[in-house]
Amino acid sequence: MTAHAESDAEPGIPGVEAADDEGEDLYEDARRARWTATVTGVLLALMGLTAASMRVGGGVPALVPAAYGSGSAVCVLAGWLGARGRTRWALWLMILGTMVMALGDQFD
C-alpha cells in the first residue's frame, strides 16, 4: 500500500500535470484578453480622435466632431477597463463608442 501511495505523490501523474497546465492556460488566456481589450480600445480612441481633428475645420456641423470625440472618450474608458481586467465591460464599451462614432458619420 505504501508503494501505491508513493506513486501517487510522484510529479509524473498525468492528472496533476494537466491541472497545472490548465491553470497556466487560463492565466495566459486572461492576460491575452486584457492586452487585446486594451490595445483595441486605444486604437479605436486614436482613430476617433484623428477623425474628430480632421472634421473640425471641414465645414461640417459641430455634432460630427463631437460624436467622434465622445465615442473616442468611451473607447478610452474601454481600454482602461480592459487593462484592469474588465474585458466584458470593455468589449461592450468599445461597441458603444464605435456606434457613437458611426452616428457622427451619419450626420456628415
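The model is predicted, so local features need pLDDT of at least 70 and side-chain atom pairs count only at pLDDT 80 or more, while totals for chains, interfaces and linings use all residues. Residues are numbered from 1 along each chain as its sequence is written, and side-chain values use heavy atoms, with hydrogens and water left out.

T38 is found in helix α2; helices (H or I, at least four residues) are DSSP runs, numbered from the N terminus. With 18% relative accessibility, T38 counts as buried (under 20% relative accessible area; exposed is over 50% and partly exposed in between, with a 1.4 Å probe and protein chains only). Not counting residues up to four places away in sequence, T38 touches G79, G82 and A83, a contact being heavy atoms within 4.5 Å.

The largest nonpolar core has 14 residues, and Y68, C75, A78, A90 and M94 have the most contacts inside it. Such a core is a set of buried Ala, Val, Leu, Ile, Met, Phe, Trp, Tyr and Cys residues joined through side-chain atoms within 4.5 Å. At least two of its residues come from each of α2 (14–56), α3 (63–83) and α4 (87–106). Leaving aside neighbours within four places in sequence, M94 is in contact with A37, T40, G41, L44, C75 and A78.

Attention now turns to charged pairs. The structure holds three salt bridges, each a side-chain nitrogen of Lys or Arg within 4 Å of a carboxyl oxygen of Asp or Glu. R31 and E28 meet in one of them, at 3.1 Å from N to O; these residues are three apart in helix α2, and are therefore separated by about one helical turn. D29 and R32 form another, also given as 3.1 Å, N to O, and both lie in helix α2, three residues apart. R55 pairs with D105, the closest N and O atoms being 4.0 Å apart. Because R55 lies in helix α2 and D105 in helix α4, this bridge ties together parts that are 50 residues apart in sequence. R55 is partly exposed at 26%, and D105 is partly exposed at 37%.
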